[in-house]
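Please open the structure in the viewer and keep the selection tool at hand.

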Amino acid sequence: TRSQGAGGTDAVILEIDPTTGNTLSTTLFGGAQDDLANAVATDGADLYVGGETRSFGAGGNDAMVLRFDLAASTSVIWSSGNPAVATVNPTGLATGMGLGTTTVIATAGSVSGNATLTVVPTAPTTVASVSPAANGAGWHHANVTVTLTATDIVGGGGVQSIIYTLTGAQTGTSTVPGSSASVVITAEGTTTVAYHAVNHAGNVESEKTLVIRLDKTAPTISSTSNQALEATSPSGAVGVYAPVATDTTSGVASLTSSPASGSTFPMGTTPVTVTAVDTAGNVSTATFTVRVGDITPPVIGAVSNLTAEATSAAGAVVSFSLPTATDAVDPAPVVTTSPASGSLFALGTRTVTVTARDAAGNTSTATFTVTVRDTTAPTIGPLLTRPNVLWPPQHQLVVVPVLVTATDLVDPAPT
């Protein structure tokens with residue numbers, strides 16, 4: 001050939017199936033120049049090709065002899081004596097087409113062999129499908145349709161019927177003519193579906209089982225009573241709670257609260273949502289409230305009784321520092337006194353009431369006394385005489401009146 005190969009004229013060696021005439025293999029030999037095959041011979045084990053070459057050798061036309069191993073190059077040819085019973089593909093795979101016996105033949109060159117193949121009756125095969133599919137945990141949360149589909153091999157006579165039996169949460173048995181059947185699982189819990197098919201030849205499929213787990217009921221949530229908390233800081237108060245969820249079929253998979261237990265709740269009322277999810281995927285929610293208030297009055301610091309000296313008959317003006325007050329929520333409760341600091345206090349003892357009020361209106365009181373007394377003695381003024389110069393005649397004694405005055409801050413007429 002000059003159409004294929006390395007160039008020029010190349011030798012072509014073809015392997016032909018003597019039965020069918022099909023080409024089994026093609027081998028090309030040659031170089032850039034002309035290479036010719038002129039003769040073929042065989043000794044039964046090898047194939048010899050003689051010719052001449054211009055591409056190889058010392059130059060010009062040189063003799064060439066090619067040897068091929070017939071055992072290595074010969075392909076195996078498969079065939080069936082009765083294709084109605086079984087067919088054989090080129091790789092030797094047999095496929096049953098009907099009941100009976102056939103001969104499978106393998107031929108490689110001049111060597112051949114055969115084997116007897118018998119196709120016997122086989123039971124149908126049933127496949128089960130489930131809708132909707134189970135979740136990752138193997139549970140369903142809605143009614144489940146189980147569809148059974150049976151197939152039969154050629155020669156089996158076709159599927160006669162499908163038989164299934166339900167045990168567990170849902171029970172029942174049914175024989176359905178034909179190659180398909182379906183059943184709806186509605187009972188909660190675990191149901192086992194046992195099924196098999198029978199063909200018209202009487203062959204019975206080995207029983208198969210399928211387990212359906214169904215839970216259509218959401219979990220039950222409890223321990224979600226409303227809470228009333230006393231504020232512990234201006235931010236509010238920490239709420240702690242422990243809701244409970246139960247599910248008797250598939251079990252509780254998760255239980256969450258929003259806000260979570262241990263959160264700080266502000267002043268006022270905050271709703272809490274509890275969500276429970278069971279293993280089948282059913283969801284239930286419950287709500288309750290956490291109310292944070294301030295009903296604790298402020299705490300008034302230490303107070304001390306006071307004593308003051310009267311400065312007039314009316315008493316004394318007494319001033320004092322306001323006591324301190326603290327509150328868990330209000331950083332600056334208002335403190336007042338009655339009477340107020342700087343008031344005029346009469347002689348004697350009077351009670352002063354201290355009142356502390358926080359932003360929520362809670363009040364607390366404390367008392368102390370202010371005692372006004374007069375411990376200061378009167379002041380005696382200068383002594384006055386009339387006359388204040390004596391020169392009596394004859395140096396006789398005379399009566400001289402003496403005027404004594406006294407003043408007091410409190411007593412207008414000390415004696």
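Predicted model: local features only at pLDDT ≥ 70, side-chain atom pairs only at ≥ 80, totals over all residues.

Residues are numbered from 1 along each chain as its sequence is written, and side-chain values use heavy atoms, with hydrogens and water left out.

Begin with residues 76–80 and 111–119, which are strand 6 and strand 10, the edge strands of a sheet. The sheet is open, has three strands in the order 6-9-10, and is antiparallel in its pairing. Strands are DSSP runs of E of at least two residues, numbered from the N terminus, and two of them pair if DSSP finds at least two bridges between them. Next select residues 100–108, strand 9, which pairs with strand 10 over nine bridges. Within strand 9, T102 stands opposite L117 of strand 10.

Now select K208 and E205, a salt bridge whose closest N and O atoms are 3.2 Å apart. The term denotes a side-chain nitrogen of Lys or Arg within 4 Å of a carboxyl oxygen of Asp or Glu. A search of the whole structure finds one such bridge. K208 is partly exposed, at 27% relative accessible area, whereas E205 is buried, at 7% (buried is under 20%, exposed over 50%, partly exposed in between, with a 1.4 Å probe and protein chains only).

Finally, select F320 and F368, whose ring centres are 5.3 Å apart with planes at 85°, an edge-to-face pair (centres within 6.5 Å; planes under 30 degrees apart are stacked, over 60 edge-to-face, the rest tilted). Both F320 and F368 are buried.

Key
Helix = DSSP H or I, 4+ residues; strand = E, 2+ residues; numbered from the N terminus. Phe/Tyr/Trp six-rings, centres within 6.5 Å; stacked < 30°, edge-to-face > 60°.
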